[in-house]
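Subject: Structure handover

Hello,

Here is the structure I promised. Please open it alongside this note.

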Amino acid sequence: MFENLSSKITTAMRTLKGKGRITDVNVASTVKEIRKALMDADVNYKVAKEITDRIKDEAMGQQILIAVDPGQMLVKIVHEELVKLMGSSVQAINLKPDPAVVLIAGLQGSGKTTFSGKLAQYLKKSGRNVLLVACDIYRPAAIDQLKVLGEQVGVDVYAEPENKNAIEIAQNAMAYGRKMGKRVIIVDTAGRLAVDEAMMNEIAAVKDAIKPSEILFVVDSMTGQDAVNTAKTFNDRLNFDGVVLTKLDGDARGGAALSIRHIVDKPIKFISTGEKMDALDQFYPDRMASRILG
Ligand code: GDP
């Protein structure tokens, strides 16, 4: 991913490279090209405008017109602004109190169940006793999928295949987890193909019942602008703590990674880059910006 965006931004900035003297017209047209590259990558229009306005102001403020190497200066400015846009620092998940409860939310197919397995493995590797909870009451296959993943990563899975009450399952799972001395309880919830009221009510009720320490919203980065809209809807309702961007190994254009933080004001905490259980990384805004600038 980011190949297109990366090559367009690099091309836009090439016109300034090696130039001893540039004019404000040169800067304006380069910034305009960067804005276009961002929008082509599915970055939200407002976000693209705001960041490029800032890049321009910053460039002028730093007197790019009389810089020895204006191209180099602009690369640095764009890098800094991309990092700021994506949230600057790495954000860890909150694992207090004990047991910590992590609620996983998102649309069906976004990669929730896969991520739940990955997170379980990630936390287990750091020495924590983890419980996975299957709270998707609509898709029996989801329970089996979580059980398979649990077995694969060596983590217990709590499920009640006959129970159709997600709140009850979640509450029972909390009691079970406490009894078994679990330190982290990861609750995988049901998702629909589109946001609907019944789904939102259900997950909000689960949230109220188990009071999670951390709510992670999982979203497929390939869905571009839709990813951002869905994030907004979930955040308005759940006030989640962080975002997990999945399928970054695909040919996503990058818009979701660049816009989500700005639109919902919540950090991206993890990125998922494949179907295997170890294809999970913490999100580093700095590394992502470097990837974008090639
Ligand atoms: P859920 O409905 O939200 O629980 O989604 P799943 O976890 O079942 O994932 C839906 C599909 O996407 C499955 O085929 C997963 O293997 C796949 N998937 C999940 N995360 C990733 C990822 O980061 N990269 C790729 N390529 N596929 C993924």
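A helix axis here is a line fitted to C-alpha atoms over the stretch in contact, and angles between N-to-C directions run from 0 to 180 degrees. Keep in mind that this is a predicted model.

First, the helices. Helix α1 covers residues 3–14. Its axis lies 9 Å from that of α2, at an angle of about 175°. Angles over 145 degrees count as roughly antiparallel, so α1 is roughly antiparallel to α2. From α1, the contact uses Leu5, Lys8, Ile9, Ala12 and Met13. From α2, it uses Thr30, Glu33, Ile34, Ala37, Leu38 and Asp40. By class, that contact has seven nonpolar, one polar and three charged residues.

Next, α2 (residues 24–40) against α3 (residues 45–61). Their axes are 9 Å apart, and the angle is about 155°. These two helices are therefore roughly antiparallel as well. The crossing is right-handed. On the α2 side, the contact residues include Val27, Val31, Ile34 and Leu38. On the α3 side, they include Ala48, Ile51, Ile55 and Met60. The contact of α2 with α3 divides into twelve nonpolar, one polar and five charged residues.

Now the ligand. Which side chain has an N or O atom 2.8 Å from a nitrogen atom of the ligand? That is Asp249. Backbone atoms also take part: a polar one of Lys247 is 3.0 Å from a ligand oxygen atom. For Gly274, a backbone N or O atom lies 3.1 Å from an oxygen atom of the ligand.

Best wishes

Technical notes:
Residues numbered from 1 in each chain as written. Predicted model: local features only at pLDDT ≥ 70, side-chain atom pairs only at ≥ 80, totals over all residues. Heavy atoms only, no water. Helix = DSSP H or I, 4+ residues; strand = E, 2+ residues; numbered from the N terminus. Parallel < 35°, antiparallel > 145°, perpendicular 65-115°, else oblique. Left-handed = near helix turned anticlockwise from the far one by under 90°. Contact = heavy atoms within 4.5 Å. Nonpolar A, V, L, I, M, F, W, Y, C, P; charged D, E, K, R; others polar. Polar contact = N/O pair within 3.5 Å; in protein donor to acceptor, adjacent residues only side chain to side chain.
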